[in-house]
Amino acid sequence: MDDTTGRTPELAEQPRGAREIQDSRVLAALTHPLRRRLIDLLKVDGPATVGKLAERTEQAVGNVSHHLKVLAESGLIEEAPELARDRRERWWRLADRELSWTRADFDGDPVTEAVADAAGSILLERQVELVREWSVRRGGYGPDWRDGCSVATQAWLRLTPDEARELAADLHEVIQKWALRPVPEDGRERETVLAFAHSVPAKP
């Protein structure tokens, strides 16, 4: 329950399903580290006010408000008026539960290619940043979390394009299995865990 409103974020409407981004103007909204983090916070913690998001990101309220406006104009987030106590209070939620895009959809135009590359770079930098943070913060977790709960694995494979697509689908399916499962209400304490995978053509 949010201590500033007496309302629970669970009372808000739930995000829609998966959305595949094919408009470079929408994808451009994700080409900023803070906007990427705001999306993550709304996904993990649910709807929030500007003040709460500013507190979590240690940013000025005005800066967070600006970036939320950019996300809203792109249809990536929307207001959750049912959570507000009055007309001055504004809550925000994700518009869609999952976001994805295919790099090939933006090929052929240098401008849209640059947008897609920037969005992919921001996402990768965020993923690497969180992995590095784990190595710094792991001492703050109990021994159960420090022993075998994180993984780093890789393999060099020789694949056809069809096999590479099959591998990508398999990796996606495993992560989605866990992402979409209902969280059990069994009284056990749970931490947020970032799981991500990449498989790309590369040379040793």
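Which residue stands opposite T49 in strand 4? The points below take this up along with the helix packing.

1. Basis. This is a predicted model, in which local features need pLDDT of at least 70, side-chain atom pairs count only at pLDDT 80 or more, and totals for chains, interfaces and linings use all residues. Residues are numbered from 1 along each chain as its sequence is written, and side-chain values use heavy atoms, leaving out hydrogens and water.

2. Three strands make an open, antiparallel sheet in the order 2-4-3. Strands are DSSP runs of E, at least two residues; helices are runs of H or I, at least four; both are numbered from the N terminus. Two strands pair if DSSP finds at least two bridges between them. Strand 2 (48-49) and strand 3 (77-79) are the edges, each pairing on one side only.

3. Opposite T49. The residue is W91. Strand 2 and strand 4 (residues 91-94) run antiparallel, joined by two bridges.

4. Helix on sheet. Helix 2 (residues 33-45) packs on the sheet and touches strand 2, strand 3 and strand 4. Contact means heavy atoms within 4.5 Å. The direction of helix 2 makes about 90° with that of strand 4. Angles run from 0 to 180 degrees between N-to-C directions; axes are lines fitted to C-alpha atoms, for helices over the stretch in contact.

5. Helix on helix. Helix 2 packs against helix 4 (residues 61-73) at about 80°, with axes 10 Å apart. Helix 2 is therefore roughly perpendicular to helix 4 (65 to 115 degrees). Helix 2 contributes L34, R35, L38 and I39 to the contact; residues from helix 4 include H67 and L71.

Definitions and conventions: Angles under 35 degrees count as roughly parallel, over 145 as roughly antiparallel, 65 to 115 as roughly perpendicular and the rest as oblique.
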